[in-house]
Amino acid sequence: MQQLIENYSHLIPWLVSNRARNEKKPWLANHPRFATFSLSILLLFPIIPLLPQTITPNRKWEGTDSDSSAGTNKQENGIRVTGKKDQRDREILKTPNSISRLNEQEIQDAGINRTNDIDKQVPNFSIIDSGSRNFTYFNIRGMRSIAFSEPAVGLILDGIPLNDNVALNTELYGLESIEVYRGSQATLFGKNFQGGVVEIKTKKPTNLPEGKISLDFGNYKKQETSVYYNAPIVYDKLYFGVAGKTTEREGYLSNVTGFYYPNNRPYELPVEIYKTHPDGRKGRAGRFRLYFTPNEIFEADLQISAESFDDGSLNLVNYLGAKSEREKALLQGCVAAPSNCSKLYGTYINRVNGDRKVYWDYEGKSNVTGNTYSLATTTKLPYTNLKTATALRKMDIDPITADSDFSKVDQNRSIYIEKSTTVLNDIYFESKDKHDPLQFKLGIYSSNKISNIDQAREHRVQLYVVNDFPGLSAPTQEKNLSRLHDRNVSFYTHNSYTFFEKFTITLGARLERQESRLSHTELATGVSGNNPIGGTILLSDPYTINNRYNYNVSRVIFDYKPIENLMFFIGASRGYKNAGYSTVVNVPSRASFKPEINDTIEAGVKSEFFKGKFGLKYTQFYTETQDFHVIRAINLSQYVNLNAELVTIRGYELETFVKPHKDTKLGLSAGYTEGIFNRFQDTVLNRNFNGKWVHFIPKYDIVSYLQYRNDFGIFLRGEFQAVGQMYFAADNTVYSDPYYVLNARIGYETDKLSAYLYMNNITDRYYFTSYIDGTFQAVPGAPQTYGFMLTYKI
C-alpha cells in the first residue's frame, strides 16, 4: 500500500500547480471540499487496503439519486415531458461497474412480477429457491447466500436495505426501475453486500397524479391484482402514494393418495384415487407513502409497508422422480448403497409418470408477515447533500411446517418459527454538483438485529420416542431454540476524480465492527404421563457464544472514456460476508463460522453507437475467496455452516442489443461462472473436495429476446432462456442437467389501456432449481403457465 501511494504521490503537486497557473488563488483554496475529502481518504490509506469505483462529470453515482426528482420523468408545470432517452441509462453507461438496469417499460415487457423473476433477465444472477419463498437465496458470480449466513446479495428498496430472506422473494408492484450491481458494493452502499446489490425503486409521488391497475388471470387458478396511485396533497409541498397487490394460485404439485404406495416391488404400480395440490400460494402486500418537500433545501420520504403470505407446503419433489435424473440417480444409489438398490429401483419404476407428484401424509403450510417503517431525508447544504435513511423491519415466520420423512407414513414433521426485528440507520454526505470532476460519498451505517428461532423436528412414532426420549410419549418435538443478536457499525467512503474529462480514478474504503451473540438450547417437549401439561427433557447443555470481528476492505477502479459513448475500466475490490452461527447444532465448537473474504479483479467495456441502435457491455472477473461458506447436513435435525479454505471463481458477463428497425429490438445477455474448491476439507464427512466444482452455481445462463412494438399499439415478444449444469453437492454427484425455457407475449397497447396474452415455459420443460442436502428432495421449476393481463393507467 505504501508503495502504491508513493507511486502516485507525484501527481498531487502537479495537479495543484497545473490548475493554479490559470487562477488568481491556489487551486486547493478554491476547492476546500477537495482538500477535506482528500485528507479523509489519505487518513484511511494506512489502515485500509486500496480498492474502489468511479464517476465522471455529467453522470450520477451508482446507486444514488442525481436530484430530488430522481426516479420520475421531468415535469414542467405539471405536464410530464416524454420522448427522451432515460437519463439513468446514460449514467450507467458511464459508470465503471457491471450493472444491469430495467426501466418501468422493460419490467412490464419482461413480465417481472416478483423478485424471483429478475434473475431470468440478468446475466450471472441466479436465485436458489429452497421450496419456500420464506427462504430464497440470491447468487451473483458465485457469491451466494445460504442458510444461517448474512445475504451475499442484498435487496435495497427505495434506499432501505432489506436483509432477511423473506424480503428476497417478495411481490413487486408500483415499480420505477430495477438495477442489479455485480461485485462487492461495500464502499458504495450503507449495508455491506459482498456479491452485489439488487436496487429497486418504486414510483415517487409528484405534482402529476398518476396510477395504474393491473389484473392477471391464468392457469392454476391464478389471480393477481396490483395497483398504485400517486397524487399531490399540497402542490409542490406534500404528496402521497398508495400501492398494493394481492396474489393467489393453485399448487403445481399433486399429492397422491392410492393403493400399494409406497412399495418396493417394480411390478406393483400405485393406483391413484385422490390428489390435492398442496403448494398453493396466497399473498397480499401494501405500501403507503408521504413525500414532503417544504422548501428547496429539505425533503423527506416516509414509507410504511406490510406483507403477508399464506402459502401451502414446500415445493419439493423426489429427485429420483425426474425423468432426466432417474436412471443416473438409481445407478449412483446402487453403487453407494447396494443394500438399498431394490428399494431405489422400485421407486424408479413407480415414478415413471411421477413428475411433480408427491406422496405425503402431511402437507404442511408456510405463513409469514413482514412490516417495514422507513424515513429517508435529504438536506441540501452549501457544498454537499446530507442524506439519511432510518428503518425498522419486523419479520415473523410463524410457522413453516412440512412432512420431513416425505412418505405416507406418519413418522416426522418439521417445524420452523422465526421472529426478528432489525433497526438500521444510514447517514452520509455526497456530492451536490454532479458536474464537478470530484465526486464523493462519506457515511456511517449501523444496524441492530435480534432474531428468536425455534426449529423443531416432531417425532410421531411411539417406539422411537420411548427409546430416545424416556418419560415422553409421541408426538414429541426435538427443539433447537436460538436467540441471535447482531450489531454492526460501519464507516464507508467512495470518491472519484476525473482528469481531462476522459480519465477517472475511484477510491473507496470501508471499516466495520461486528458484535454477535448466540444463545442456544436443545430440548425435547412432549406428552408425559406424570405431567398433564407435558414434559421437557434437556438434550444438551445450553451455551452462549460472543464474537467480535473487524472488517477492513477497499476498492480502486480506473476508467478511460476516449469518446462520449465508449468506456473501458479495470478495477480491484475486496468484499466480505459477515461471520455467523449455525443455530441447529448442539456442539458449541461447530456453531461458529468465520467471515468469508473475497478479492476480485475485473475489467470491462461499455459502448453504445448509431444513436442508441446498438449497445454492448462486457466484463470479465476473477475472484479468490477465503473461508467460503458451505452448508452441510450432520443429520436430519442438525446443519452447520462450514468454511472452505480457498475457492477461485472466474467468469464473464455480456449484454448487448441491436435495433435494426425503430419498432424492433433484439437483445442478448449471457453469463458464465466457474467456481472451484481449491482447498476444502469437509470436517463433517471427513472428505477432501479439492478440485471439485462449487455447488449451487450455474455454469452459464443465457437470455435472448426478439421484441416488436409499433405505433399502432401492437406488441410481440419471444424469449429464449437457457441455464447450464448446476451441481447440488460438493462431491459433484448430484446435479441438474442444462435446460432451456421458451416464453412468448403478445399484446395491444394504448395510452390508457393495454392487454396481453402470455405463455411461459411453452414446452413444459421439467427441471430443478435447488436440492435439499441430506435428502433425495429437490425443487422443480415452474411448469407451463399462461394467462391474460390487463392494465389501465389512471
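This note sets out points on the predicted model, from its overall make-up to selected residues.

1. Overall make-up. The protein contains ten helices and 44 strands. Of its 794 residues, 56% count as buried. Among contacts between residues at least 6 apart in sequence, 69% join residues at least 24 apart.

2. Confidence. The average pLDDT of the protein is 84, and 82% of the residues score at least 70. Two segments call for caution in reading. Over residues 322-326 the pLDDT stays under 50, and the model has 17 contacts for them beyond four places in sequence. Residues 346-353 also have a pLDDT that stays under 50, with 20 contacts beyond four places in sequence.

3. The largest nonpolar core. This core has 51 residues, and Phe 628, Phe 677 and Phe 680 have the most contacts inside it. The elements giving two or more residues to the core are strands E21 (384-403), E26 (535-563), E31, E32 (639-661), E42 (768-771) and E43 (777-780). Strand E32 provides the largest share, five residues. Apart from this core lies another, of 28 residues, among them Ala 110, Val 122, Ile 200 and Tyr 492.

4. Phe 628. Not counting residues up to four places away in sequence, Phe 628 touches Gly 142, Met 143, Arg 144, Glu 596, Leu 642, Asn 643, Ala 644, Val 647, Ile 649, Phe 677 and Val 694. One of these partners, Phe 677, is also among the residues with the most contacts inside the largest core.

5. Val 630. Strand E31 (residues 614-633) holds Val 630. Val 630 counts as buried because its relative accessibility is 0%, against a cut-off of under 20%. The residues touched by Val 630, leaving out those up to four places away in sequence, include Arg 144, Ile 146, Val 640, Asn 641, Leu 642 and Ala 644. Phe 677, Phe 680 and His 695 are also touched by Val 630. Although Val 630 and Val 640 are ten residues apart along the chain, their C-alpha atoms are separated by 8.4 Å.

6. Thr 377. Where does Thr 377 lie? Its place is in strand E20 (residues 365-380). The relative accessibility of Thr 377 is 13%, so this residue counts as buried. Its side chain makes a polar contact with the side chain of Thr 388, at 2.5 Å. Beyond its neighbours within four places in sequence, Thr 377 is in contact with Phe 298, Glu 299, Ala 300, Leu 386, Lys 387 and Thr 388.

7. Strands E11, E12 and E13. Strand E11 (residues 210-218) runs antiparallel to strand E12 (residues 222-234), and nine bridges join them. Strand E12 is also antiparallel to strand E13 (residues 238-249), to which eleven bridges join it. Tyr 228 of E12 stands opposite Lys 212, and in E13 the bridge partner of Tyr 228 is Ala 243.

8. The two hairpins. Which residue takes a positive phi in the hairpin of E11 and E12? Tyr 220 does, with a value near 55 degrees, and this hairpin has three residues between the strands. In the hairpin of E12 and E13, with three residues between the strands, Asp 236 takes a positive phi near 70 degrees.

Conventions: Residues numbered from 1 in each chain as written. Predicted model: local features only at pLDDT ≥ 70, side-chain atom pairs only at ≥ 80, totals over all residues. Heavy atoms only, no water. Helix = DSSP H or I, 4+ residues; strand = E, 2+ residues; numbered from the N terminus. Buried < 20%, exposed > 50% of the residue type's maximum accessible area, 1.4 Å probe, protein only. Polar contact = N/O pair within 3.5 Å; in protein donor to acceptor, adjacent residues only side chain to side chain. Contact = heavy atoms within 4.5 Å. pLDDT = per-residue confidence, 0-100. Core = buried A, V, L, I, M, F, W, Y, C linked by side-chain atoms within 4.5 Å. Pairing = 2+ DSSP bridges.
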